[in-house]
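Biologist: I'm new to this one. Can you put it up and walk me through it?

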Amino acid sequence: MGSVLAASSPSPPPPAAAASGSAAAPGLTVPPGFGMPPVSPVIPPSGGTSGEQQEAESPLPNPGAFDECHRKCKEVFPMQMEGVRLVVNKGLSNHFQVNHTVLLSTLGESSYRFGATYVGSKQTGPAEFFPVMVGDLDNSGSLNAQVIHQISNRIRSKLAFQTQQHKFVNWQGDAEFRGEDFTATVTLGNPDVLVGSGIVVTHYLQSITPALALGGELVYHRRPGEEGSVMSLVGRYTGKNYIATLTLGSAGAHASYYHQANEQLQVGVEFEASTRMQDTSVSFGYQLDVPKANLQFKGSVDTNWVVGATLEKKLLPLPLSLVLCSFLNHHKNKFQCGFGITIG
């Protein structure tokens with residue numbers, strides 16, 4: 001389920017002046033994922049107020065969504081791609097756009113997907129508009145769709161469903177509530193009242209200090225003859241240019257560390273341990289941006305002897321991007337490469 005956009009509060013005016021704000025220009029922008037922008041701390045007027053009083057009166061920031069705790073580190077790693085992929089994006093209006101995707105694969109079946117995105121006119125942030133409806137349909141008749149809507153200033157909902165060859169396979173509904181310094185989410189997946197089956201997932205993330213956030217996840221599933229629950233705890237510490245996150249539960253452990261060395265270089269390290277698979281792995285990834293050349297390079301290596309890299313080049317001023325991808329598994333002696341073109 002579910003990038004978090006930072007929404008900065010306008011600076012407070014002098015006590016004698018009235019506050020005023022400006023809205024961002026509307027555009028076709030899909031909010032990333034299912035997260036809401038974190039609330040910036042309120043800055044009190046500087047009329048003889050001491051630093052301790054300002055810190056006491058300033059509320060803690062919203063910690064964001066639970067699912068996004070490890071997201072910053074994962075974005076550094078390259079995405080694996082095989083074969084040839086062609087993506088054509090076409091904006092029909094400020095609220096509606098379509099895309100065509102053709103995938104030619106040497107390992108699996110080649111496919112074609114048609115996607116559509118609709119963004120409403122209700123603005124809740126500098127680059128957030130609701131409702132959002134996204135869907136794509138492939139050549140076999142399988143459909144993936146989701147609807148995201150901002151019900152109120154603090155409540156956001158999402159409904160997603162998936163079909164496979166004209167048969168419903170999965171559907172789920174999310175409700176997310178954002179307080180001043182916490183986020184609570186409830187997810188209901190594949191509920192069946194007649195059979196008595198379904199999955200319920202609850203998330204809670206609380207800001208302890210401006211840099212430290214703690215939370216937990218509870219997953220409960222039930223079906224005929226089987227019932228169980230899994231609980232995990234998470235802690236995230238955010239520094240000036242780094243983020244350290246740790247998740248512990250009965251299913252295993254997941255730790256990640258993200259560090260921004262400078263404006264061009266970002267690195268990330270992940271540790272994953274599974275109690276069910278009795279396996280552990282460590283991965284290292286980095287992202288190098290060259291703005292003057294419109295170039296982005298990502299690379300990764302892990303303890304399973306898998307090395308991967310992607311190279312993306314934007315051919316400005318043309319609306320064209322080229323992507324090269326290669327992955328090599330030394331242990332299994334397997335090599336995969338891919339080439340992608342994005343237009344629009």
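Modeller: Let's start at one residue. Lys158 is buried, with a relative accessible area of 9%. Keep in mind that this is a predicted model.

Biologist: Which residue does Lys158 form a salt bridge with?

Modeller: With Asp174. The closest N and O atoms of the two are 3.9 Å apart.

Biologist: Let's step back. How many helices and strands does the chain have?

Modeller: Two helices and 19 strands. There are 344 residues, and 29% of them count as buried. The accessible surface comes to about 20500 Å². Carbon and sulfur atoms account for 61% of that surface.

Biologist: Back to strand 6. Where does Thr163 lie?

Modeller: In strand 6, which covers residues 155–164. Thr163 counts as buried, at 11% relative accessibility.

Biologist: What is Thr163 in contact with, leaving aside neighbours within four places in sequence?

Modeller: Gly141, Ser142, Leu143, Phe168 and Val169. There is also a distance to look at, from Thr163 to Ala145. Their C-alpha atoms are separated by 9.1 Å, and the two residues are 18 apart along the chain.

Biologist: Back to salt bridges. How many are there?

Modeller: The count comes to nine. One of them joins the side chains of Glu75 and Arg71, at 2.6 Å from N to O. Glu75 is partly exposed, with a relative accessible area of 33%.

Biologist: Which residues are linked in a network of salt bridges?

Modeller: Arg113, Asp136 and Asp138. Within that group, the side chains of Arg113 and Asp138 meet at 3.6 Å, N to O. Arg113 is in strand 3 and Asp138 in strand 4 (residues 128–138), so this pair ties together parts 25 residues apart in sequence.

Biologist: Are Arg113 and Asp138 buried or partly exposed?

Modeller: Arg113 counts as partly exposed, at 25% relative accessibility. Asp138 counts as buried, at 14%.

Biologist: New topic. How do strand 10 and strand 11 pair?

Modeller: In the antiparallel sense, over 12 bridges. Strand 10 spans residues 212–223 and strand 11 spans residues 226–238. Leu214 has Gly235 in strand 11 as its bridge partner.

Biologist: What about the turn in that hairpin? How many residues are between the strands?

Modeller: Two. Gly225 is in the turn, and its phi is positive, about 85°.

Biologist: How many bridges join strand 11 to strand 12?

Modeller: Seven. Strand 12 covers residues 242–249, and the two strands run antiparallel. They also form a hairpin, with three residues between them. Look at Tyr237 to see the pairing: it stands opposite Ala244 in strand 12.

Biologist: On to the histidine at position 254. What does His254 touch, not counting residues up to four places away in sequence?

Modeller: His70, Lys74, Thr245, Leu246, Thr247, Glu270, Phe271 and Glu272. His254 has its place in strand 13, residues 252–260.

Biologist: Which of those side chains joins His254 in a polar contact?

Modeller: Glu270, at 3.0 Å.

Biologist: So is His254 buried or exposed?

Modeller: Buried. Its relative accessibility is 14%.

Biologist: Last topic, the surface. Which residues form the nonpolar patch?

Modeller: Val84, Leu86, Val102, Leu104, Tyr112, Phe114, Leu311, Leu324, Phe339 and Ile343. Together they have about 760 Å² of accessible area.

Biologist: Which elements give two or more residues to the patch?

Modeller: Strand 1 (83–91), strand 2 (96–104), strand 3 (111–125) and strand 19 (334–343).

How values were computed:
Residues numbered from 1 in each chain as written. Predicted model: local features only at pLDDT ≥ 70, side-chain atom pairs only at ≥ 80, totals over all residues. Heavy atoms only, no water. Helix = DSSP H or I, 4+ residues; strand = E, 2+ residues; numbered from the N terminus. Buried < 20%, exposed > 50% of the residue type's maximum accessible area, 1.4 Å probe, protein only. Areas by Shrake-Rupley, 256 points an atom, 1.4 Å probe, with all protein chains shown as cover. Contact = heavy atoms within 4.5 Å. Pairing = 2+ DSSP bridges. Patch = residues over 30% accessible without salt bridge, like charges linked within 9 Å, V, L, I, M, F, W, Y side chains within 5 Å. Salt bridge = Lys/Arg side-chain N within 4 Å of Asp/Glu carboxyl O. Polar contact = N/O pair within 3.5 Å; in protein donor to acceptor, adjacent residues only side chain to side chain.
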